[in-house]
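Colleague: Before I rely on any labels for this model, I would like to hear how each one was reached. Could you take me through them after showing me the structure?

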Amino acid sequence: MHHSAAPGKHGGQQSVSRRKVFKYALAPAALSLAPLVATPDAPRATADDIRLIDFAEKRIAPDEIKAAGYAGVVNYVSLCRPGANFEAKPLTREYADALRAAGLHIVSNYQYGKPNWPTPSDFTRGHDGGVADAQTAQQLHSAAGGPNSAPIFFSVDDDIDANTWNSLAVEWFRGINSVLGVGRTGIYGHANACGWAIRDGVIGNSTSAGHSWAWQTRSWSHGAREPMAVLYQAVVNSPSNPGPLLGGINVDVDDVLAPDYGQWDLGR
């Protein structure tokens, strides 16, 4: 699978060797169903330009994800909002087990609302909304087999400004923190939102030095990058710029920026 829409840091010659390294790092995990971290080379491979995909519309067969060269998925630990009949929301125990059996990693993400569809964005619900959303997220994460050592990333899927962050979104995150603890709270959002979450201490730290539980999207980031992010959504599927086609749907593609990017199967 070519990722021409998401250029790596290096040229094509090295990407072949990276894929080879990743293939060999993955093989023992796939055979034994053990987490990837059991392989000595895994952390190095994990930080070396590997990618995840995220999607909601339907469940993509684990073998197809693996065959396309991805290391795993970001999947939803949230319910479907009204009018959006997404097969992959929420993540089920059966699907999570199948992904893990194929040697694929899972990262948990919460998003219920979206601006005007027909629900408002989750962060507009303030502190009490954060409490409720974190309780739902933890229940669904746990039911799917997610460990209490893994963070959950909460989506700010909107082009928010500093005033909106300071008046609304940060309070939503403080509500989340009261349920999960800061250490297990992550954010999905544009570069500034990730930076504000780090500044205000409402998201936790990766075990990889210099990284926090920030999953940055290129949307609304205007080319800026948050250097402490663990994931970067490099390909955002849209009608004008469709993502790679897998399982009959177009997916988003996420660059992994640190060995510990919030994956379930990592000892912390």
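Modeller: Arg 174 and Glu 171 both lie in helix H6, three residues apart, which is about one turn of the helix; helices here (H or I, at least four residues) and strands (E, at least two) are DSSP runs numbered from the N terminus. This is a predicted model, in which local features need pLDDT of at least 70 and side-chain atom pairs count only at pLDDT 80 or more, whereas totals for chains, interfaces and linings use all residues. Residues are numbered from 1 along each chain as its sequence is written, and side-chain values use heavy atoms, with hydrogens and water left out.

Colleague: Why is the contact between Arg 174 and Glu 171 called a salt bridge?

Modeller: The term requires a side-chain nitrogen of Lys or Arg within 4 Å of a carboxyl oxygen of Asp or Glu. The N to O distance for Arg 174 and Glu 171 is 2.9 Å, so the pair meets the definition. A search of the whole structure finds eight salt bridges.

Colleague: What makes Asp 133 count as buried, and which term applies to Arg 125?

Modeller: Buried means under 20% relative accessible area, exposed means over 50%, and partly exposed lies in between (1.4 Å probe, protein chains only). Asp 133 has 4% relative accessibility and therefore counts as buried, while Arg 125, at 41%, counts as partly exposed. The side chains of these two residues, Asp 133 and Arg 125, meet in a salt bridge at 2.7 Å, N to O.

Colleague: How do you know that Lys 114 forms a salt bridge with Asp 157, and which parts does the pair tie together?

Modeller: The closest N and O atoms of Lys 114 and Asp 157 are 3.7 Å apart, so the pair falls within the cut-off. Lys 114 lies in the loop between strand E3 (105-110) and helix H5 (126-143), and Asp 157 in the loop between strand E4 (152-155) and helix H6 (162-180), so the pair ties together parts that are 43 residues apart in sequence. Lys 114 is partly exposed, with a relative accessible area of 31%, whereas Asp 157, at 16%, counts as buried.

Colleague: What lines the largest cavity, and how is the lining divided by class?

Modeller: The lining consists of Gln 111, Gly 113, Pro 115, Ser 121, Asp 122, Ser 155 and Asp 157. By class, the lining has one nonpolar, four polar and two charged residues.

How values were computed
1 Å grid on protein atoms, 1.4 Å probe; cavity = no way out; pocket = protein on both sides within 12 Å on 5 of 7 lines; lining within 4 Å. Nonpolar A, V, L, I, M, F, W, Y, C, P; charged D, E, K, R; others polar.
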